[in-house]
Amino acid sequence: MRARDKAAVSALRSALAALDNAEAVPLPEAGLRGVALEESPVGAGTTEAARRELSERGVIDVVRAEAAERLEAAARLTAPAHADHAARLRAEAAVLLTFLDAPGPA
């Protein structure tokens, strides 16, 4: 990372964001509609919600999906003008797949 590998940094940032989104608890839409501002909850902790904890399998699935998404997007970019972007997407997918193939912590 010290060499400022842009593909690795981009891939890891988006994977972390995808994991963060996967841990979010969906809010019920019915409770959000038609609530006046003065009726909304107020005070410390009112916007805090417990987050889901992903299992190791869940984390792997999210990262694998991120890599697959990049590979699919790269495959759709067939025009010569998009060759650089497709190469960057393939490099990002390779970074994510490398982390999946790496041995786990000891």
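1. A contact, as used throughout this note, means heavy atoms within 4.5 Å. Among contacts in the protein between residues at least 6 apart in sequence, 74% link residues at least 24 apart.

2. This is a predicted model, in which local features need pLDDT of at least 70, side-chain atom pairs count only at pLDDT 80 or more, and totals for chains, interfaces and linings use all residues. Residues are numbered from 1 along each chain as its sequence is written, and side-chain values use heavy atoms, with hydrogens and water left out.

3. The protein has three helices and zero strands, where helices (H or I, at least four residues) and strands (E, at least two) are DSSP runs numbered from the N terminus. Along the sequence the pattern reads α-α-α.

4. Of the 106 residues, 19% are buried, that is, under 20% relative accessible area (1.4 Å probe, protein chains only).

5. The axes of helix H1 (residues 6-23) and helix H2 (residues 56-76) come within 10 Å and cross at roughly 130°; axes are lines fitted to C-alpha atoms, for helices over the stretch in contact, and angles run from 0 to 180 degrees between N-to-C directions. H1 and H2 are therefore oblique to each other, because angles under 35 degrees count as roughly parallel, over 145 as roughly antiparallel, 65 to 115 as roughly perpendicular and the rest as oblique.

6. From H1, the residues making this contact are Ser10, Ala11, Ser14, Ala15, Ala18, Leu19 and Ala22; H2 contributes Val59, Val62, Val63, Glu66 and Arg70.

How values were computed
Buried means under 20% relative accessible area, exposed over 50%, partly exposed in between (1.4 Å probe, protein chains only).
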